Amino acid sequence: MKRMLALVVAALIAAPLYAAYPDRPIKLIVPWAAGGDTDNIFRPFAPLLQKQLGETVVIANIGGASGTKGAKEAKGSPADGYTLYAVHDYIHSTYYTGVADVNYWDFEPICMLSSTPSVLTASPKTPWHDWAGLLADAKAHPGTITVGATLGSTSHFFPALVEQAAGIKFKYVSYEGLAPRMNAILGGHIDLTDSNLTQKGKVEAGQLKFIAIAAEQRNPEMPSVPTLKELGVDVVYDVNRGLLVPKGTPEAVQAKLESACGAAAKEPAFADAMKKQGTAVRYMGRQEYGAWLKKNDTLNKKLAGDLGLLKR
């Protein structure tokens, strides 16, 4: 009884403290370099969220260790609503592959925002122009086609799924996020990588080649790019992004952030920006997103096991 009374008193005392939230700038940690996919999605979202909250939202790019450096900083930040954490499926995959010791349960879910299908992308210096040529080369020379990936992350899981489904073997080269991977493939230092339709302009300019998209259907933005499934490779894979906050963030703050995220995600400007990124707006509130994260964590653990990458 005393403990319950103490909790009620604490809640009553805390409520006025957060009534004015936010009253200073909010930091949004993006655990990858500027110019990468996650950064490109949250850059246009930040000012829309800022408009809803009435306070500045500042993006802080904290890259390193397959996204783990930014995750750890977010986890260790005060649980007061002034640190947001931009996350995608890597939060599960890096944990189960042993790259990171941080997972989604170290945070509170606020909202999911987007879903981006992966595209198997090749350097123009490669000798093949389609899946048939790539597959023949991979079978003739196993383990020689180089793939740029952030080890343990989604850019590793996606080509690993392709390997498994097609019965081939790649050689992996590690990079921290999309931006350095794209520099490597544009320079012809690697043969393949996981990208998405944001690279459409470079494909049209002959700087890259789209081999296949890991979606159920072809994308109207690039209708000539086949799906992996229609090529006989049963792989559908996308990267889903959302916002988390440190564990213990007050309920009133979480609710206000959720409301602001929901309104910002409905803005036509956000839909327009996502279309340019080859991304679908996929909004979920706290409860739905929390359930989705739990389910996705189970799927990623199984996937890591299926791919022979499970370390915990």
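This is a predicted model: local features need pLDDT of at least 70, side-chain atom pairs count only at pLDDT 80 or more; totals for chains, interfaces and linings use all residues.
Me: How do I read the overall build, and which radius of gyration goes with it?

Reply: Begin with the elements, for the protein has eleven helices and eleven strands. Its radius of gyration is 21 Å, close to the 20 Å that the globule rule gives for 312 residues, so the protein is as compact as a globular protein of that length. Along the principal axes, the C-alpha atoms fill a box of roughly 70 × 40 × 30 Å.

Me: How are helix 2 and helix 10 oriented towards each other, parallel or antiparallel?

Reply: Angles over 145 degrees count as roughly antiparallel. The axes of helix 2 (residues 37-53) and helix 10 (residues 268-276) come within 10 Å and cross at roughly 175°, and the two helices are therefore roughly antiparallel. Where they meet, Ile41, Pro44, Phe45 and Leu48 of helix 2 face Ala269, Phe270, Ala273 and Met274 of helix 10 in contact, and the residues of this contact divide into eight nonpolar, no polar and no charged.

Me: Is Ala149 buried or exposed?

Reply: A residue counts as buried when its relative accessible area is under 20%. Ala149, which lies in strand 6 (residues 146-149), has 0% relative accessibility and therefore counts as buried. Beyond its neighbours within four places in sequence, Ala149 is in contact with several residues, including Ser155, Tyr172 and Arg181.

Definitions and conventions. Residues are numbered from 1 along each chain as its sequence is written. Side-chain values use heavy atoms; hydrogens and water are left out. Helices (H or I, at least four residues) and strands (E, at least two) are DSSP runs, numbered from the N terminus. Buried means under 20% relative accessible area, exposed over 50%, partly exposed in between (1.4 Å probe, protein chains only). Contact means heavy atoms within 4.5 Å. Axes are lines fitted to C-alpha atoms, for helices over the stretch in contact, and angles run from 0 to 180 degrees between N-to-C directions. Angles under 35 degrees count as roughly parallel, over 145 as roughly antiparallel, 65 to 115 as roughly perpendicular and the rest as oblique. Ala, Val, Leu, Ile, Met, Phe, Trp, Tyr, Cys and Pro count as nonpolar, Asp, Glu, Lys and Arg as charged, and the others, Gly among them, as polar. The radius of gyration is taken over C-alpha atoms; the globule rule is 2.2 Å times the number of residues to the power 0.38.
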